Amino acid sequence: MIRLAILGSTGSIGVSALDVVAAHPDKLEVVGLAAGGNVAAMCAQAAVVRPRAIGMASDDSLRRVREALPADVGSAVEQWEVGREGLAAVATHPDVDVVLCACSGTEALEAVLAAIEAGKRIALANKEVLVMAGALVMAAARARGVDVLPVDSEHNAIHQCLAGHPRQHVRRLVLTASGGPFRTTPVEALATVTAADALSHPTWKMGRKITVDSATMMNKGLEVIEARWLFDMPADRIDVVIHPQSVVHSMVEFEDGSLLAQLGVTDMKLPIQYAFTWPDRWESPVPRLDWRQGLDLRFEVPDLDRFPCLRLAYEALRAGGAAPVVLNAANEIAVASFLEGLVPFTGIAATVGEVLEEASGRTLDAASLAAIRDVDAWARQRAAARLGTIESGRGLIA
């Protein structure tokens with residue numbers, strides 16, 4: 001039996017993870033659930049899996065979960081946790097074997113570090129943790145001998161392609177990208193697209209923030225930085241190619257010119273289950289690719305004028321120091337403002353670029369969590385200040 005803690009259980013990855021658990025009730029058990037503020041979803045999940053630990057983002061949401069759960073479900077909960085400390089408490093429950101980190105943003109960074117220290121396997125669906133603190137997290141994992149298994153479909157694909165191959169034989173990693181909903185939209189029209197347009201992803205069903213990141217291709221830029229830390233590969237050996245069909249999830253090119261690719265349907269249950277069961281493979285609750293329908297596999301070079309966020313991510317990775325932390329923090333603030341209709345779509349990249357320029361030369365002690373959090377807070381403040389000067393459809397933001 002593999003025992004799980006699921007951080008971010010009410011999001012799309014968390015829901016898919018519980019589908020995987022439901023498909024293998026004799027092999028997987030949920031010990032802990034943690035979520036933000038979705039009380040109804042948490043109550044529904046808890047009633048099914050009967051966790052021993054529950055964490056919520058706020059005291060109010062935790063209180064409402066406790067009040068809403070049936071007595072027989074609530075009485076089985078041994079730990080009621082809240083906030084970042086609550087995430088860490090759920091992740092380090094002594095009965096947990098594997099921690100799925102599926103929280104959006106950087107809130108789970110401390111929980112991931114605590115879980116590593118406690119010797120738990122990490123199934124990582126959150127790229128921001130490595131973008132923000134990749135050196136710190138991977139050093140901690142190596143020191144404790146903890147596996148960090150990628151759940152992002154691209155990195156999961158690369159993990160599968162690398163299996164059994166000496167690293168010195170690898171020439172480059174190739175991350176595939178769908179191109180999002182604006183792959184063919186005229187560049188001059190991007191300033192007027194809406195949040196609803198950006199959330200209409202052509203192939204993947206994901207959360208709101210990551211879907212907007214996919215539309216700007218910042219998501220792919222964050223994945224390039226994530227790949228740098230997961231696979232210890234420099235920026236100039238990590239390529240991105242647009243593959244609108246999202247059938248090839250990523251590829252590895254070897255020194256002799258051979259390419260290995262991992263293909264599959266667009267269903268996150270497959271990489272989630274892989275991260276839970278590696279190195280074993282089980283029957284999965286996902287459909288198979290139907291070769292009889294024919295496969296249309298096309299690839300394109302990304303247009304960095306259309307997707308400046310991808311260029312900014314490469315620049316931040318090459319600059320190192322504080323730049324990746326600044327990139328991620330400024331992007332989170334800018335995306336939130338776009339989703340609220342306060343800034344245009346093109347304001348996201350503009351904001352990230354300006355805050356990165358302001359942070360140029362800023363140093364960072366990558367081994368210090370406090371220093372990382374300080375840079376993160378500074379970048380969020382600068383992004384918010386910059387966004388206050390952008391003209392939106394509702395006029396200037398106060």
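The structure is a predicted model, and its average pLDDT is 93. At least 70 is the score reached by 97% of the residues.

**Where to be careful**

- Residues 391–398 have a pLDDT below 50. Beyond near neighbours in sequence, this stretch still makes 17 contacts in the model.
- Where pLDDT is low, the predicted coordinates should not be read in detail.

**The nonpolar cores**

- The largest nonpolar core holds 96 residues, and the members touching the most others are L7, I122, V137, V326 and L327.
- Helix α14, spanning residues 323–339, gives this core its largest share, with 10 residues.
- Another core lies apart from that one and has 37 residues, including A17, A46, I272 and F276.
- In soluble globular proteins, nonpolar side chains tend to be buried together.

- On one pairing, β6 runs parallel to strand β5 (residues 98–101) over four bridges. A123 in β6 is the bridge partner of L100.
- To get from β5 to β6, the chain passes through helix α6 (residues 109–117), in a right-handed β-α-β crossover.
- On another pairing, β6 and strand β7 (residues 148–150) are also parallel, over three bridges. Here L124 stands opposite P150 of β7.

**V265, a loop residue**

- V265 sits in the loop between β11 (259–263) and α12 (269–277).
- Is V265 buried or exposed? V265 counts as buried because its relative accessible area is 18%, and the cut-off for buried is under 20%.
- Leaving out residues up to four places away in sequence, V265 touches H249, V286, P287, R288 and L289.
- V265 and T203 are 62 residues apart in sequence, and their C-alpha atoms are 10.0 Å apart in space.

Technical notes: Residues numbered from 1 in each chain as written. Predicted model: local features only at pLDDT ≥ 70, side-chain atom pairs only at ≥ 80, totals over all residues. Heavy atoms only, no water. Core = buried A, V, L, I, M, F, W, Y, C linked by side-chain atoms within 4.5 Å. Buried < 20%, exposed > 50% of the residue type's maximum accessible area, 1.4 Å probe, protein only. Helix = DSSP H or I, 4+ residues; strand = E, 2+ residues; numbered from the N terminus. Contact = heavy atoms within 4.5 Å. Pairing = 2+ DSSP bridges. Right-handed = clockwise from strand over helix to strand, strands pointing away. pLDDT = per-residue confidence, 0-100.
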